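I opened this notebook to record a helix pair and a pocket. The entries follow the order in which I looked things up.

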Amino acid sequence: MNLNKVLLSAATVVGFTAATAAAANADTVTVNAGDTLSHIALRNNTTVEALQQLNNLENINLIFPGQKIEVGGQTQTVEQTPVVAAQPAQTAQADQTQQVAQAQAKAAVEAQQAAQAQAVAQAQAQAQQAAQAAAVQQAAQGQSYTVAQQPTTNTTGNGDEAAAREWIAGKESGGSYTVTNGQYIGKYQLSASYLNGDYSAENQERVANNYVSSRYGSWTNAKQHWLQNGWY
């Protein structure tokens, strides 16, 4: 409960009580020495005519000290009562203004917190995207490295065959799966039509073995042909 409202309400009750008491005491006044009816009317916020009628006075100039004069309760104190009663409304308006200011301050703090949370979320999202991009790049590099290190296949298990195959590969491409020379592709410089669009290390090894086996019978024979003709 608002303490100011309680105090003001109490003040209002006291004001009304005091005003009522003043009005009750002012219903009848005692004439003092030197008083005139006009003086009494002025002090009690009324008129001579009203006092004359209320007290049935035949002569307004003939009153005596100690005489009781009814004034009808029309005093200035009674008229001042509404001034006290108006104070709670002013307090309520001040309280409302304070509540509005507090609500605005709270809204500003909440807006600032929301902006900070959004900035943190954006930073986290950007960091996650960067991490994913790095992972993709690393995976691509790892895949490329794996292909480059793909071991050759020794179809015969013969050391001479393997040596002959590597000798031809060295002459044709320096042992690289990615070297191109016109229509000839990869480690064994096979025609692109032979590879059928698949330039992987596995396919190059498989197609080269099939080509040598069907044309020369062995890598050793293919090497001899290369030594005589400069190609195989």
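The entries below treat the helix pair, then the pocket.

I worked on a predicted model, in which local features need pLDDT of at least 70, side-chain atom pairs count only at pLDDT 80 or more, and totals for chains, interfaces and linings use all residues. Residues are numbered from 1 along each chain as its sequence is written, and side-chain values use heavy atoms, without hydrogens and water.

Entry on the helices. I looked up α7 (residues 159-173) and α10 (residues 219-229), whose axes come within 8 Å and cross at roughly 40°.

I found about 150 Å³ of space in the largest pocket (an open set of points on a 1 Å grid where a 1.4 Å probe fits, with protein on both sides within 12 Å along at least five of seven lines). Its lining (residues with an atom within 4 Å of a point) includes Glu172, Tyr184, Gln189 and Trp231.

Note on methods: Axes fitted to C-alpha atoms, helices over the stretch in contact; angles between N-to-C directions. Helix = DSSP H or I, 4+ residues; strand = E, 2+ residues; numbered from the N terminus. Points joined across faces, edges and corners; volume = space filled by probe spheres on them.
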